[in-house]
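Hi,

Here is the structure I promised to send over.

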Amino acid sequence: MVVVMNLKAGPEQINAVRQRLEKFGFEIHIIRGVNRLVIGAVGDRRVISSLGLEAMPGVEKIVPIMKPYKLVSREFKGQNSLIKVKNVVIGGDDVVVIAGPCAVESREQLLTAARMVRQAGAVILRGGAFKPRTSPYSFQGMEEDGLKLLAEASAETGLVTVTEVIDEASLELALEYVDMIQIGARNMQNFRLLRSVGRSGKPVLLKRGLSATIEEWLMAAEYVVSEGNENVVLCERGIRTFEIATRNTLDLSAVPVVKGQSHLPVIVDPSHATGERRLVAPMARAAVAAGADGLLIEVHPEPDKALSDGPQSLTPEDFSSLMAELRKIAPAVGRRIG
Ligand code: PEP
Ligand code: MN
């Protein structure tokens, strides 16, 4: 439930409500909006009516949250969340572009990619150092050496960085080197890992699971936020359907659906959604038009030599032309792009 305090409520009144809720076992989250303060309370719904909250001084109204996810719901917080990754803000007017190779493969590969995507207007550099591959015989990533290269590329270009973690050990390492942690589609329901990234406090890029409903995806985000980490960005990356003409099916309607149900930003990954280079640009354009807060695009200096996801990776030249197209689309939907 959300307790909306009235404009004149003072600290003692806020505290009294808080104490009453805590006494009955509710977990409290205070949100200070521009105009008013609301107290989010997660706990046993059945006791709410017996608490007499409406009658307490300073309380304007009580709004129950019927959804299974609470902290990430729109009912809990009406304003869009702005997630800061160092100097980059996701969820505001800017459409934030994350770009880089699927995997970090070498110093030269990553630094070349970083310079080129930055030049084209990307603001976050991606690169996997721990790759959750379908086959155990495929390239598994450079691990800590890859993370070091991400840190070096960030220092040189000023780009902030995101990388995927696959377990607690990779999380601990990644926290030392990068600015944002990615939870991949295959780990979206790894609840212990979600709790750990929640405790870390670092911004999290949470991909939608291969077969996850939007509700399950938002429940995964709730795991992170319930540990006190509100810095979650959702990423639609395509879901499994009967259609096999594309690697996955991009669920673009997830963008407005999520925006209706949650205050968290949502970005789109047209690379994994389609699996095919030729389809990345049209889906990226559509995502911006649909209101996505950002894009995640795989770019490789030499896609034909990529150790993973080459067929869906753009060349730096293709990426640069795509950015030029997006710069025309963004203003038409009231947004800006780097
Ligand atoms: C990736 O971003 O490289 C990746 C493996 O994505 P996903 O988890 O969406 O498959
Ligand atoms: Mn990939």
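Predicted model: local features only at pLDDT ≥ 70, side-chain atom pairs only at ≥ 80, totals over all residues.

I started with α3, which covers residues 144-157, 14 residues in total. From first C-alpha to last it reaches 20 Å, close to the 20 Å expected at 1.5 Å a residue.

Which residues of α3 are buried? They are Gly146, Leu147, Leu149, Leu150, Ala153, Ser154 and Thr157. Looking down the helix axis, these buried residues fall within an arc of 160°, so they line one face of α3. The elements covering them include α2 (107-120), β8 (124-126), β9 (160-165) and α4 (168-177).

The α2 packing is worth a look in the viewer. The axes of α2 and α3 are 10 Å apart, at an angle of about 35°, and the crossing is right-handed. On the α2 side, Arg107, Leu110, Leu111, Ala114, Arg115 and Arg118 meet Leu149, Leu150, Glu152, Ala153, Glu156 and Thr157 of α3. Among these, Leu149, Leu150, Ala153 and Thr157 are also on the list of buried α3 residues.

α2 also packs with α10 (residues 316-332): their axes come within 9 Å and cross at roughly 20°. The two helices are therefore roughly parallel to each other, and this crossing is right-handed too. Here Met116, Val117 and Ala120 of α2 make the contact with Pro316, Phe319, Ser320, Met323 and Arg327 of α10.

Cheers

Terms used:
Residues numbered from 1 in each chain as written. Chains lettered and ligands numbered in written order. Heavy atoms only, no water. Helix = DSSP H or I, 4+ residues; strand = E, 2+ residues; numbered from the N terminus. Expected span 1.5 Å × (residues − 1). Buried < 20%, exposed > 50% of the residue type's maximum accessible area, 1.4 Å probe, protein only. Arc of directions from axis to C-beta. Contact = heavy atoms within 4.5 Å. Axes fitted to C-alpha atoms, helices over the stretch in contact; angles between N-to-C directions. Parallel < 35°, antiparallel > 145°, perpendicular 65-115°, else oblique. Left-handed = near helix turned anticlockwise from the far one by under 90°.
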